Amino acid sequence: MTDRPLTHLRHVDLAVPDYDRQLDFYAGVWGLTKVAEDSGIAFLAAEGSPEQYVVRLRKAEEKRLDLVSYGAASPADVDALAERLIADGVRPISEPGRLDTPGGGYGFRFFDLDGRTIEVSADVAARRHRRIEERESIPVRLSHVVLNSPDLNRTRAWYERHLGFRLSDTLGHPRMGEVMHFMRISSQHHSMAIAQGPHTSLHHVSFEMRGLDEYMRGSGRVIRAGFRKIWGPGRHLAGDNTFTYFLDPHGNTVEYTTELEELDEDTWHPHVYDFSQPEVTDQWGTANAMNEFVAKESFNDPDQGCFVAPPV
C-alpha cells in the first residue's frame, strides 16, 4: 500500500425521518436513479458513474450522516490500511470482509476524528453506466463531500496522517482565520473539504454535471420545482468550479457543480484565499452574496451519529 491508500469517493449515506419525501427528491427532481430498495433503505446511482450507487437513504427516527465511503485499489490495500489504522489507535467499527451492499466488494468501517463513520472498500463490481448526453441535466457522478468540524486543523491533520489526503487550497478570513481546507486524494482539486463549524455535521454533498449548459439547466429545474436555493449560480476561485446550492427536504445542502479543477500534482502549491473578497467566493459575480444566512444553513444540524473521538 502506498501513502495514498484511497482512490476516489464512492458514496454518501444519509439517514432521514421522512424517507419517502427524501427519496422522491433524489430520485425525482435531483436526477438520480433508484437501483435498489429494501425495508426502508434505497440506493441511488448517477447515470454517468460506474459506482453502484452514490447516495444511500435510510429511514430513521433521527436525521444523520450515516457514513462516507471511499474506494481502495485492492483488497490487499484494504487489509493494509485496516492494520495500520488499528495500530495507530483509530477506532474500528468492523473488520475487513465481504460487503453485502449492491456490487459487493471487500471493505471495513471505522470512526474518523470527529466520530463519523468512514468506509473503505475495493473490488466493488462496476455498474453499467452510460455517457450523459448534451442538454441532459442529471448528475454524471458524485463530485465531493464537505464536512463541518469544530476544529478543522485537527481534523485536517488526522485525514492527512491516516488516509493520505493532501491539502489543495485554504479559505481564510481576516477576522475568523482559516475557515475551510480543500483536500484531495488524486489530481482532482478536492474530493473532500473540511469547514470550520460550531459542531460536527455534514456541510454539503456535491454532484458533477456534464457541462455548463447542463449545470444551468439542472439548477433551473430544481428552482422551478420549488426547492430552496441558498447560494448560486456562481463560480468559486478555489477549485474553479461552478456552484448552485439547494436544501434537500431534510435541510441537507446539496450542490450541482461542473468543471472542478484538475491539478498537476508535481507542481501544485496550496493557496490561501481571502474568503472576504467577493471574487474568491464567486468569480462571476452572479451569485447572491455569501452571508450569515448561507453560512448558517451550511452548518446543518449537529450530527447525532457522531461521538467525540480521542486525538490520534
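**Buried residues and salt bridges**

Q: Why is N241 called buried?
A: The relative accessible area of N241 is 1%, and buried means under 20% (exposed is over 50%, partly exposed in between, with a 1.4 Å probe and protein chains only). N241 therefore counts as buried. A word on the source: this is a predicted model, where local features need pLDDT of at least 70, side-chain atom pairs count only at pLDDT 80 or more, and totals for chains, interfaces and linings use all residues. Residues are numbered from 1 along each chain as its sequence is written, and side-chain values use heavy atoms, leaving out hydrogens and water.

Q: What makes the pair N241 and T257 a polar contact?
A: Their side chains come to 3.0 Å, and the term asks for a pair of N or O atoms within 3.5 Å (within protein, one must be able to donate a hydrogen and the other to accept it, and residues adjacent in sequence count only if both atoms are side-chain atoms). N241 itself sits in the loop between β14 (229–235) and β15 (242–247); strands (E, at least two residues) and helices (H or I, at least four) are DSSP runs numbered from the N terminus.

Q: Which residues does N241 touch, leaving aside neighbours within four places in sequence?
A: Among them are H144, H190, E255 and L260, contact being heavy atoms within 4.5 Å.

Q: How do you know that E119 and R109 form a salt bridge?
A: Their side chains meet at 3.0 Å, N to O, and a salt bridge needs a side-chain nitrogen of Lys or Arg within 4 Å of a carboxyl oxygen of Asp or Glu. E119 belongs to strand β8 (residues 117–122) and R109 to strand β7 (residues 106–111), so this pair links parts ten residues apart in sequence.

Q: Why does R109 count as partly exposed?
A: R109 has 26% relative accessibility, so it falls in the in-between class. E119, at 3%, is buried.

Q: What makes E297 and R228 a salt bridge that ties together separate parts of the sequence?
A: The side chains meet at 3.3 Å, N to O. E297 is in helix α6 and R228 in the loop between α4 (212–224) and β14, so parts 69 residues apart in sequence are tied together. E297 is buried because its relative accessibility is 18%, whereas R228, at 43%, is partly exposed.

Q: How many salt bridges are there, and which residues are linked in a network?
A: The structure holds 21, and D13, R56, R58, R64 and D66 are linked in a network. Within it, R56 pairs with D66 at 2.8 Å between the closest N and O atoms, and both residues are buried.
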